[in-house]
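Please look over the sequence and the model below before reading on. The paragraphs that follow take up a helix pair, then the surroundings of the ligand, and then some individual residues.

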Amino acid sequence: DTWRFITEEVEGQVQYVYAEEFAKRISDKTNGAITVEPYEYGGLGSETDQVAALQDGAVEMAVMSPGFTGNMVMEGQIFALHFLFPESVEKTQEILNTSEAINTDLRAQYENHGITPLAFWTEGAMAWSSNIGLEEPSDFEGFQMRVQDSPLMMESYKAYGAEPQALSWGELYTALDRGTVEGQENPVFFIYDASFYEVQDTVTISNHNNYVAMTTVNTDWYNGLDPKVQALIDETVEEMQSWVYEEQDRQNSEFLEQMKNDTEHPTEVIELTEEQRSAFKELALPVRDYYKENVSTVDGAILDKLVGEIEAAME
Ligand code: 6CS
C-alpha cells in the first residue's frame, strides 16, 4: 500500500520533514508493508489546489494551513485571529493538543468538507518582514500586506489600516522583490528558508499569532480503513506532536541566528516591546466580534469554548 502525503513546503522545511519522519515511522512499524510518499509544495499547484487534491482523494494525506480553507471552512479561520493564543509557543502547543473546541468541534466542521484534521501543531511564532520597521499600528497605514487566501486574515490587517492581498507563497518572493506587496507574515524559519529576508530590510518579531498547521487525511479514505490501520495513523500522528514541536523550535532559533549574521543580506531584527504589542492587541480584539458576526456559522461557539480553554490553561 502507498499513501500520498502532500505538504505546503519544500525539502528541509518543517512540513516536509514532518512528512518524511511520518513516512519513516509508518514504514518501520509495518516492516515496509505501507509506504508513505511525501510530496513537496509546487507539483500539485497552489495551496488551495492541494486542499482540493485531498478532498477529491488525489492524495490521502496533507499538511494544510487553515488559511487556505478560508473561503470554505469558515470556523477554521479562528487561527487568523491575532493575540488569541498565549505568547508562549510551548503553551500554545499544549492547548492545540488538548483543546476540545479544536480537536472535536472544529474537526467536525472540516469533516463536513471531506477533510479530517488529526492534529494541530504550531510552526512557531509569527513575525513580519518589510522594508520599513513595523512597530506601531500606524506603520500599517496603506501598507500592501500579503496574506493567505482567508477573509479573516484580511480583516485582521485591515484593523491596523493595511491593504491586504491574498497570494500563494510560490509567488511571494517575486512579489516582495518587485514591491507588488510590501510585507508578509510567517515564522522566522520560513522567512529565512524561503529567502524573503533577502528582499526585505527588516524583520519584526511581533508574535501577534502562532502559525498553525494541521495533519489532515481524506475523510472517506480514513473512515474506510481497517481500525488497526486507523489506530496506527492516530498513534503515529500523536507521537509526532512533540517531535514537530522540537523541530520547529530548532529551525526557528537556528535560522534567526543565521539571518542576524548574514552580512551579504543584512536584516534589521526588531523585537516589539510589551507596550507596542498592546497597541496592536487593542485593534485586534474587535476582529473577534467580526468573526462571530460575519464569519462563524455557529455564532462563535467554537471561539467562546476555545477562549475558555485558553483562560483555564493560563491559570
Ligand atoms: O506563507 C505561506 O503561505 C506558507 N508558510 C508556511 C510556514 N508554510 C506553508 C505556507 O504555504
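**A helix pair, a ligand shell and exposed residues**

Helix α5 (residues 151–158) and helix α11 (residues 286–295) pack at an angle of about 145°, with their axes 10 Å apart; helices here are DSSP runs of H or I with at least four residues, numbered from the N terminus, and axes are lines fitted to C-alpha atoms over the stretch in contact, with angles running from 0 to 180 degrees between N-to-C directions. On the α5 side the contact is made by P151, L152, E155 and S156, and on the α11 side by V287, Y290, Y291 and V295, where contact requires C-beta atoms, placed from the backbone, within 7 Å. These residues divide into six nonpolar, one polar and one charged.

This is a predicted model, in which local features need pLDDT of at least 70 and side-chain atom pairs count only at pLDDT 80 or more, whereas totals for chains, interfaces and linings use all residues. Residues are numbered from 1 along each chain as its sequence is written.

Around the ligand stand E8, E9, E47, S65, E123, Q148, W169, N186, P187, F190 and Y211, each with its C-beta atom, placed from the backbone, within 6 Å of the ligand.

Among the individual residues, N31 lies in the loop between α1 (14–29) and β2 (35–39) and has a positive phi of about 50° although it is not a glycine. Most residues other than glycine have a negative phi. N31 is exposed (12 or fewer other C-beta atoms within 10 Å of its own, placed from the backbone), because 7 such atoms lie within 10 Å. D299, in the loop between α11 and α12 (301–314), likewise has a positive phi, near 55°.

Note on methods. Helix = DSSP H or I, 4+ residues; strand = E, 2+ residues; numbered from the N terminus. Contact = placed C-beta atoms within 7 Å. Nonpolar A, V, L, I, M, F, W, Y, C, P; charged D, E, K, R; others polar. Buried ≥ 20, exposed ≤ 12 C-beta atoms within 10 Å, placed from the backbone.
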